[in-house]
Amino acid sequence: MRVASLHLYPVKSGRVVDVEEAALRPAGFAEDRRWMIVDEAGRFLTQREEPRLALLAATLRPNGLTLSAPGAGTLALDVPGEDAPIVMATVWKDTVPARLAEAASGWLSGWFGRSLRLVWMPERANRRLPATWVPWGGEVGFADGYPILIVNTASLADLNRRLAHPAPMARFRPSLVIESDEPWGEDSWLTLRIGAVELELVKPCTRCIITTTDQETAERSSQEPLRTLQRCRRSADARVSGALFGWNAVPRVPGPVRVGDPVEVLERRAEPWPIRPAV
């Protein structure tokens, strides 16, 4: 097995940035989901309710990024400094202090047609990982729940054999794609080694409506691939409900990861994650 591709999402739920190399830190890849769009109450915005976020591109640059969107032009932003206003930003059940990028408010609000703000999370404000799945402790930035999402090319190929129109990997918004000839092998992987890096797969990823969003056009023209996943990949473990694709992972040993790096399974689960019979 090898690393097939690496992906960053500088702005949570925004357009992907494909990279050849990424620095894995305890909270995830450097520059990944350190920025987030929030409403006036500080609550996070994602493609679940606003598919157009798929069209919001972010180009990384030293100490900042440049945003662009169709019809809105571009906006260069620096990382907010220590003197920036603080916003209490909420992701699911977590609320953390984040710095407001004041220059983005008018630009974002104009494009979306409602009052929105952009915030940036300093490393020291990272959220704690749930002890249920990561009892040894850990942290994450603005990602939904875990630092890294791992997916397997063989699993996507198996899913696509069930679909009338194949789904691209981008629909699943992975961090790290592993090239493998073992469909759904990730259900039994526990610990992976990539060079000096070690990752532990802690919880399968429950999929949502974002998988039905075309990441190039922001359109939702069908219920696929979510509908098929719900038929053939529903969790049989009561601790995690819903349709599964990919695994959430936590760094055990951080370090650099490169496309093409060999991937070794250091440890497997005693039993693969249980899946209900297909319907």
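Is W133 buried or exposed? In this predicted model, W133 is buried, because its relative accessible area is 15% and buried means under 20%. W133 belongs to a cluster with W247 and W273, linked by ring pairs.

**Aromatic pairs**
- The structure has six aromatic pairs.
- One of them joins W133 and W273 in a tilted arrangement, with 6.2 Å centre to centre and 45° between the planes.
- W133 lies in the loop between β12 and β13, and W273 in the segment after β20, so this pair links parts of the chain 140 residues apart.
- W273 has a relative accessibility of 8% and counts as buried.
- W247 and W273 pair edge-to-face, at 5.8 Å centre to centre and 80° between the planes.
- W247 is in strand β18, so its pair with W273 ties together parts 26 residues apart in sequence.

**Charges over rings**
- R252 has its charged end over the ring of W136, 3.7 Å from the centre.
- R52 lies over the face of W111, at 5.1 Å from the ring centre.

**Largest pocket**
- The largest pocket holds about 840 Å³ of space.
- It is lined by 34 residues, and R48, W92, D144, G145 and C205 are the closest to its centre.
- Strand β17 gives the most to this lining, with three residues.
- The lining of the largest pocket comprises 15 nonpolar, seven polar and 12 charged residues.

**Second largest pocket**
- The second largest pocket has a volume of about 270 Å³.
- Among its 17 lining residues, V16, M169, A170, Q215 and E216 are the closest to the centre.
- Its lining has eight nonpolar, three polar and six charged residues.

How values were computed:
Residues numbered from 1 in each chain as written. Predicted model: local features only at pLDDT ≥ 70, side-chain atom pairs only at ≥ 80, totals over all residues. Heavy atoms only, no water. 1 Å grid on protein atoms, 1.4 Å probe; cavity = no way out; pocket = protein on both sides within 12 Å on 5 of 7 lines; lining within 4 Å. Points joined across faces, edges and corners; volume = space filled by probe spheres on them. Helix = DSSP H or I, 4+ residues; strand = E, 2+ residues; numbered from the N terminus. Nonpolar A, V, L, I, M, F, W, Y, C, P; charged D, E, K, R; others polar. Phe/Tyr/Trp six-rings, centres within 6.5 Å; stacked < 30°, edge-to-face > 60°. Buried < 20%, exposed > 50% of the residue type's maximum accessible area, 1.4 Å probe, protein only. Lys NZ or Arg CZ within 6 Å of the ring centre and 35° of its normal.
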